[in-house]
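Please look over the sequence and the structure shown here before reading on. The report after them looks at a few places, one by one.

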Amino acid sequence: MKLLIKRAYEPAAAADGARIMVDRLWPRGVKKEALALADWLKDVAPSDPLRRWFGHDPARWTEFRRRYRAELKCLGRALQPLRDAQQRGSVTLVYGAKDAQHNHAVVLREFLLKTSSPTGNVRSARIDSAA
């Protein structure tokens, strides 16, 4: 199983598998049909206060990652559709941010990979303060 991330502005590809939008806000100028989404999971995106605080400022990246992982740890069932999709095959997390290295989809992917076993069972999540 692959867990990929891809900007909403990049074309869909067969290798993407299930494409799941993980942004709270719809990306500007993109038509729904163009994204070829399997689902749109707004609730797995960072909270509005955290998203606004971060503002895609790389200087806040380390603290954003820590705070967002804490939010993810509390989401529980909201993450289940992503875990279910992972069990079925490849999944691409679709996001709208311009910065490919400093965005919430990067953190979400890391979190899912660390907290899912190969059988799909959730392991306890350990949140590192240094990463």
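Predicted model: local features only at pLDDT ≥ 70, side-chain atom pairs only at ≥ 80, totals over all residues.

Helix α3 covers residues 61-75, and its 15 residues reach 21 Å from the first C-alpha to the last, close to the 21 Å expected at 1.5 Å a residue. Within α3, the residues Trp61, Phe64, Arg65, Tyr68, Arg69 and Leu72 are buried. They cover an arc of only 130° around the axis, which means that they lie on the same side of α3. The buried residues of α3 pack against α2 (48-54) and α5 (104-115), and the helix is followed by Gly76, whose phi is positive, near 55°.

Aromatic rings are the next topic, and the count of aromatic pairs comes to five.

Phe64 and Tyr68 both lie in α3, four residues apart, which is about one turn of the helix. Ring pairs link Phe54, Trp61, Phe64 and Tyr68 into a cluster. Charged side chains also meet rings: Lys42 lies over the face of Trp40, at 4.3 Å from the ring centre, and Arg67 lies over the face of Trp53, at 4.1 Å from the ring centre.

Elsewhere, Leu93 has its place in strand β4 (residues 91-95), and Leu93 is buried, with a relative accessible area of 0%. Although Leu93 and Ile5 are 88 residues apart in sequence, they are 4.6 Å apart in space, C-alpha to C-alpha. Beyond its neighbours within four places in sequence, Leu93 is in contact with several residues, among them Leu3, Ile5, Val22, Leu82 and Leu108.

Note on methods. Residues numbered from 1 in each chain as written. Heavy atoms only, no water. Helix = DSSP H or I, 4+ residues; strand = E, 2+ residues; numbered from the N terminus. Buried < 20%, exposed > 50% of the residue type's maximum accessible area, 1.4 Å probe, protein only. Contact = heavy atoms within 4.5 Å. Expected span 1.5 Å × (residues − 1). Arc of directions from axis to C-beta. Phe/Tyr/Trp six-rings, centres within 6.5 Å; stacked < 30°, edge-to-face > 60°. Lys NZ or Arg CZ within 6 Å of the ring centre and 35° of its normal.
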